[in-house]
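Keep the viewer open and follow each stop.

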Amino acid sequence: MFRLPLPTHKLHKIEENGRVFIADLDACRIVEASHLAWRILQLCPELSNEEIIYALQEEEKQEEIIKTMEWLEERKKEGLFFEEDIHLTQKGRMRVLAPTSSPYGTDLRWKAIGAPISHQKLLKALSRYADVYINHKENLSEGFNFFPLNPKDLSSVLRTMEFGFDGVLIFSPTEMEFLPLLSYIDVPFVVCIRQQRGGGGAVINSVLRWYAFMRDYDAFMVLTESGRKLYSRFALDDSFFQIVPNGVDLDLFRPMDKEEAKREIAEMLGQPEICRRKVVGFLSRALPEKGMGLFLKIAEMNPDHIFLVVVPDLGFYSRYRLPENLIYAGRQPREKLPLFFNAFDLLCFPTMVGWEAFSRVTLEAMACGTPVVVPHIDGMPYLVEEGGIVVECEEFRDELGSFAGYVSLEKMSEAVNDLLCDDERRLEMGRRAREIAEKYSWENSAKELIKLFKKLILKRRFDARRRRFEVAFTRSGSLLLNLTEMGESPLFGDLYLQTMEEGLVLTLLKGHTLREVEAILLHFLPEERVKEILVKVKGFVESTS
């Protein structure tokens with residue numbers, strides 16, 4: 001039997017000539033039923049199966065109650081009476097809707113792209129502190145609830161508005177179909193930015209569109225300080241970019257006995273040399289932007305060491321003569337990756353990719369106690385700290401494509417060689433790498449996200465009390481009509497003189513967000529002047545509301 005409680009559709013009881021009919025207004029159907037069926041439907045949103053039987057057992061026989069509940073279950077399969085698989089969860093917990101434009105599935109063990117993995121891990125950790133709802137059954141796993149949101153279906157949007165969510169978590173700013181929901185769903189939205197740039201500016205343009213429409217109680221989730229710094233070049237109010245770092249599964253990715261790990265990998269691949277020589281690892285996708293080409297050259301420059309590549313496929317590199325000291329391990333499931341990380345003496349990841357906001361691979365290696373050698377690009381220095389060597393590189397700050405910098409091949413090779421030749425330093429870096437990784441548990445990430453939602457919910461309360469000012473314009477400037485809805489004049493003087501620009505901002509704020517007004521002003525005024533005006537108006541509105 002289906003488990004209750006469950007939310008119901010909008011239902012209406014009709015009685016005619018002693019017969020009972022139930023009108024399902026959401027399904028647009030009328031079904032003949034019984035008085036008992038109607039009584040049970042009234043209790044379904046609040047009580048469990050057992051509680052309903054207990055509540056009605058003095059009125060009806062238990063067998064009849066169970067029989068009627070089974071009849072209701074059959075109607076549920078027809079799409080009647082009940083919201084589709086939406087579970088009412090623990091009272092007092094925050095309810096977060098986390099929709100995605102398309103399903104990514106629950107079996108991510110073979111996934112090479114990190115964003116869906118990181119998103120699912122974050123939601124799983126979040127479900128310990130909040131009730132998490134997703135909109136694709138294909139993504140449904142233990143701890144998640146299903147909510148059938150379709151942003152193009154008005155009735156679906158209305159159900160979302162009525163359900164009582166506390167916040168909405170958007171997977172990516174490129175999922176523009178959810179942007180119009182800002183006009184309907186009056187709860188904080190947090191938009192995750194896991195890919196900082198790339199796509200010829202598509203990511204940045206998507207972020208700026210969301211930024212323009214965001215209310216004062218919405219935010220972006222960036223993974224490191226580098227994300228906030230990047231977007232502060234395009235958006236004047238960087239307080240919208242809040243840091244919630246990615247996490248790592250510290251139980252799965254943990255230090256093991258290195259010699260034993262090497263033996264297992266050597267037997268698995270039939271490569272006994274792995275046990276006798278130092279091993280430099282690469283684990284990602286075989287893309288030039290991810291540093292695959294540089295890694296192959298570094299392998300050629302260091303023939304005394306083994307260079308072990310764990311990638312789904314070699315791509316176009318398979319057409320070239322590979323270095324003799326290179327071993328290709330092929331695609332591996334996620335549960336095997338900790339064994340490879342532990343078999344590496346170090347991870348060399350010479351990535352130059354423009355979307356490396358927070359390197360999942362680097363953090364997983366560090367969690368296994370393996371030091372890393374990476375370029376000084378985007379979020380890498382914030383993540384690695386003393387857990388490896390961060391090689392200086394040339395960053396292309398204005399690059400909107402996939403390549404975001406250039407790192408010297410010789411400097412990367414020198415860093416790899418120096419670390420392999422210094423056992424004491426390498427082991428100490430590995431120990432520090434694990435300590436640093438322990439700060440990045442998924443549980444800590446979920447707690448930071450909950451704190452962010454709570455802060456935004458508080459800001460929403462203040463926003464609801466904000467005044468909308470009436471402004472008159474004269475040739476000498478703008479005049480604020482200093483009256484509240486109650487006829488009070490809180491400011492000194494009946495008319496409050498402001499500059500023309502400030503009056504224009506206050507007028508536009510009646511129908512637009514402060515971010516939209518920012519975009520308008522930047523077309524006519526220097527950036528510093530726009531900052532000055534917006535800060536002044538924002539402070540004025542907050543102090544008078």
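Does Met161 count as buried, partly exposed or exposed, and what is its relative accessibility? Met161 counts as partly exposed, because its relative accessibility is 38%. The cut-offs are under 20% relative accessible area for buried, over 50% for exposed, and in between for partly exposed, with a 1.4 Å probe and protein chains only.

A word on the source. This is a predicted model, in which local features need pLDDT of at least 70 and side-chain atom pairs count only at pLDDT 80 or more, while totals for chains, interfaces and linings use all residues. Residues are numbered from 1 along each chain as its sequence is written, and side-chain values use heavy atoms, with hydrogens and water left out.

Stay with Met161. Its place is in helix α5, residues 154–163. Helices here are DSSP runs of H or I with at least four residues, strands are runs of E with at least two, and both are numbered from the N terminus.

Now go inside. The largest nonpolar core has 96 residues. Such a core is a set of buried Ala, Val, Leu, Ile, Met, Phe, Trp, Tyr and Cys residues joined through side-chain atoms within 4.5 Å. Helix α16 (residues 442–464) gives this core its largest share, eight residues. Leu123, Leu126, Leu169, Phe341, Val373 and Leu449 have the most contacts inside the core. Take Leu123: residues up to four places away in sequence aside, Leu123 touches Ala98, Tyr104, Val132, Ile134, Phe144 and Leu169. Contact means heavy atoms within 4.5 Å. Another core, of 31 residues, lies apart from the largest one. Its members include Val168, Val207, Tyr211 and Val222.

Next, the rings. Rings of Phe, Tyr and Trp (its six-membered ring) pair if their centres lie within 6.5 Å; planes under 30 degrees apart are stacked, over 60 edge-to-face, the rest tilted. The count comes to 19 aromatic pairs. Trp71 and Phe81 form a tilted pair, at 6.2 Å centre to centre and 45 degrees between the planes. Trp71 lies in helix α3 (residues 62–77) and Phe81 in the loop between α3 and β4 (94–97), so the pair ties together parts 10 residues apart in sequence. Trp71 is partly exposed at 27%, whereas Phe81 is buried at 0%. Phe295 and Phe307 pair edge-to-face, with 5.3 Å between centres and 70 degrees between planes. Tyr211, Phe220, Tyr231, Phe234, Phe240 and Phe241 form one aromatic cluster.

Finish at Phe171, in the loop between β7 (167–170) and β8. Phe171 counts as buried, because its relative accessibility is 17%. Beyond neighbours within four places in sequence, its contacts include Pro99, Cys192 and Arg194. The C-alpha atoms of Phe171 and Pro99 are separated by 7.1 Å, though 72 residues apart along the chain. Arg194 lies in the loop between β8 (189–192) and α6 (202–213), and is buried at 11%.
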